[in-house]
Amino acid sequence: MSEKPDTSLNDEAQGRSVSRREFLKLAGMAGAAIGLGAGLGGLVAACGDDEPTATTTTAAAGATTTVAAGLQKLKVGMILDYSFPLHVMWQHIMEAYVPHMNSTGGIKVGDQAYEVDLIMYDGKRDSETSRSAVQRLLNEDKVEFILGDESTDYWQPLTEQAGKLVIAGSPSPEILKPINKLTFQATYLNTKPAQIWGWCSERWPDVKKVMGGHPDNLQGNEESRKLEMLCKAWGQEVVKEILYPMGTTDFSAIATTLVASGGEVFSTCGGGDVSDGQFFKAMKQAGFDGAKWITVGFVPGSATKVVPIENHENLASSWALFELPNPPAAAKELYDVYVAKFGEWDYPAIFHSQTLWLLKAALEKAATLDATKLAEVMHAGFEFDSPDGHGKIIPRPDLDNPQCVDCIYAVTMGVVEKGEWKVIEELSLDRAFEYNKKTYGWA
Amino acid sequence: MGRTMIQLFVDGLSIGVVYMLMSSGFNLVMAVPNIIFIAFGDFYMLGAFAVWYLQVRAGVYYLLAVIIAVIATAILGALSYVLVFRPLQFRRNQFLTNIIAGVGLMLIIGQAALMIFGTGSRSVPPVFTSVIEVLGVRIPTDKVIVIGISAVVLLALHILLRKTRRGRAMRAVSFRADVATLQGVNADRMFMIAVTIGCALAGFAGGIMAPILGVEVSMASNGFLVMLVVMLGGVGSMMGAILGGLVFGMSLSYGQYFVGSGEAQILFFAVILVILLFKPGGLLGKNIEEIGRV
């Protein structure tokens with residue numbers, strides 16, 4: 001006997017407790033309510049302190065670099081977020097450079113050379129996951145040192161208690177407080193903005209009105225706060241600042257709002273190459289041809305792949321060393337190694353990688369693996385070379401830390417004029433320090 | 001101030017046009033009974049990536065890249081209907097199964113895109129770089145072209161649905177499939193055509209917006225905004241889809257000027273909530289029972 005065909009083709013089918021249209025109505029209201037709640041929650045969270053949210057996720061499996069047989073091994077842990085594009089670039093750089101470094105003598109610590117066994121774990125920039133990952137590095141992998149990302153705040157107490165030295169790539173001021181004896185910050189995130197802004201302010205002293213646009217995430221909010229601080233230090237006023245929602249792709253209305261504010265100079269960063277490029281394009285299309293001061297540096301090759309150079313007219317910033325006619329040796333070495341590994345230079349952001357270069361320089365200078373003795377040498381300060389330029393560890397008196405814990409780098413300043421990027425001046429370390437001194441109010 | 005307000009209107013129109021296109025496509029898909037096409041936004045993303053890959057990597061002329069992207073997303077949409085939704089469409093107790101199927105499809109496409117393209121953004125070279133200025137109001141040429149092309153496409157869709165036999169058949173099966181079947185209409189074929197055209201519209205929107213907005217995997221999340229826009233405009237109403245997209249664009253444009261960017265989105269969600277409370281069918285939705293009528 002054949003089965004009776006189901007003729008209930010319409011939504012008036014019998015026997016369901018919830019019809020499709022009822023679901024759709026509820027879904028629409030639920031979606032709007034969730035969006036409203038999330039937005040209001042974001043507003044409330046912005047008013048209070050950011051507390052890390054506990055999760056139940058665990059660290060992903062580690063990825064180790066190969067170590068040549070028969071040589072002394074130095075285990076170094078690395079915490080990053082596999083889903084964050086900037087950290088993916090960091091990972092690629094490490095995968096390219098560490099084997100090269102190991103094959104060309106490794107790190108010389110006194111009379112002994114070491115090959116780095118780099119163990120990477122995904123911390124997801126999340127407190128629970130990153131802490132689990134660090135505990136695994138400390139207890140199971142027994143690493144000697146750790147290279148940290150923006151999650152360092154979450155797990156720093158663990159490493160301080162374990163007596164492990166950490167070199168982080170994080171703009172957080174908390175990790176540099178004097179209570180932390182074994183943590184250092186290697187990137188230019190804290191200091192380059194002051195150099196760039198100071199140089200631009202001196203070059204164009206009549207500019208007083210600034211407008212800014214940053215993504216409404218952790219980094220964007222930090223950059224917005226930084227812009228406010230820079231303007232206050234150098235005598236400008238932020239006439240308009242827009243924090244745009246993550247995922248914004250059309251900046252036309254935002255650009256119209258900014259242009260209507262009457263600002264003389266525009267500053268943005270933190271959205272990524274494509275997003276920042278779209279923002280510049282929108283500003284130009286809205287009729288803004290004024291100055292653009294970019295506090296995190298500019299990579300002409302990468303930026304002009306997104307939008308043509310005319311959208312960057314009157315842009316002033318520091319120039320990526322790789323794109324100079326004669327890049328420094330460390331930059332050229334990294335460039336060659338990366339291209340050999342991956343086939344092309346796809347303009348990876350290298351600033352997190354400074355953690356490795358600082359660690360290497362510190363170990364070679366201190367000639368010891370002992371974390372406490374190494375920290376003493378670092379706290380005294382020294383200069384070193386890196387692909388991001390000639391650098392120096394400096395103190396942070398504004399954080400009540402008289403010991404050297406942060407880094408500045410000599411930069412090359414340039415501007416985009418008439419469709420071309422022109423090198424204007426190289427800033428020395430001393431000049432870099434003076435700009436930071438004025439910006440941060442160091443005595 | 002007056003010029004700024006007019007400029008913001010033009011900006012809102014350019015923001016809203018992509019949602020008008022996608023909402024129209026989503027309305028078509030919604031006309032198919034018993035499927036919850038949550039993965040709709042992924043077709044927008046795939047259309048954009050197809051254009052990026054074809055133009056930037058393969059060197060294909062932009063217009064041809066868009067045509068290929070539309071064909072590809074249409075085929076993928078048809079396959080999705082045939083392989084995922086049709087087997088489950090008329091089973092008993094299929095409601096939750098259809099939701100799970102829709103979510104599963106969304107996850108598969110999304111994760112596959114992540115594995116292939118990664119999390120980074122891409123850019124497609126702009127086709128037009130000039131700006132048209134009229135009485136101080138500026139609009140980029142590429143956006144003028146997009147608005148114009150979108151208007152033509154939406155008009156063509158309207159003519160298809162209202163003036164052609166096939167369109168009447170599609171509307172008939174969305175309203176009463178059993179009665180339409182009795183009239184000789186192949187309901188299953190009409191459903192597949194609706195899904196195919198809907199997904200093609202999403203791919204088309206992604207393709208034409210790629211040079212303007214850039215390309216990244218996360219743009220698939222626009223699908224959820226499209227659903228809200230459709231709810232706002234009225235499920236089953238093409239004019240409602242256009243109105244919803246316009247309201248969305250204007251609320252973002254004026255909202256971010258007067259209250260802030262993040263707050264503008266909150267404002268939009270609040271507006272939808274209020275409207276749905278008092279008019280569950282949306283602004284131009286005639287009656288809740290007529291959902292599914294194109």
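Helices (H or I, at least four residues) and strands (E, at least two) are taken here as DSSP runs, numbered from the N terminus, and the expected span of a helix is 1.5 Å times one less than its number of residues. The model is a predicted one, where local features need pLDDT of at least 70 and side-chain atom pairs count only at pLDDT 80 or more, while totals for chains, interfaces and linings use all residues. Residues are numbered from 1 along each chain as its sequence is written, with chains lettered from A and ligands numbered from 1 in the order in which they are written.

Among the buried residues of helix 11 of chain B are Ile266(B), Leu267(B), Phe268(B) and Phe269(B).

Over in chain A there are 13 helices and 17 strands, and 48% of the 443 residues count as buried. One of the buried ones is Ala375(A), because it has 21 C-beta neighbours inside 10 Å. Ala375(A) belongs to helix 12 of chain A (residues 371-380). Contacts are scored when two C-beta atoms, placed from the backbone, lie within 7 Å; leaving aside neighbours within four places in sequence, Ala375(A) is in contact with Leu165(A), Lys181(A) and Leu182(A).

Next comes the sheet. Chain A has an open sheet of 7 strands in the order 9-8-10-11-12-16-17, with mixed pairing. Strand 9 (237-244) and strand 17 (420-427) are its edges, each pairing on one side only. Two strands pair if DSSP finds at least two bridges between them; strand 11 (residues 291-293) and strand 12 (residues 315-318) of chain A run parallel and are joined by 2 bridges. Within strand 12 of chain A, Ala316(A) stands opposite Trp293(A).

Not counting residues up to four places away in sequence, Ala205(B) touches Val18(B), Leu21(B), Met22(B), Tyr44(B) and Gly47(B).

Definitions and conventions. Buried ≥ 20, exposed ≤ 12 C-beta atoms within 10 Å, placed from the backbone.
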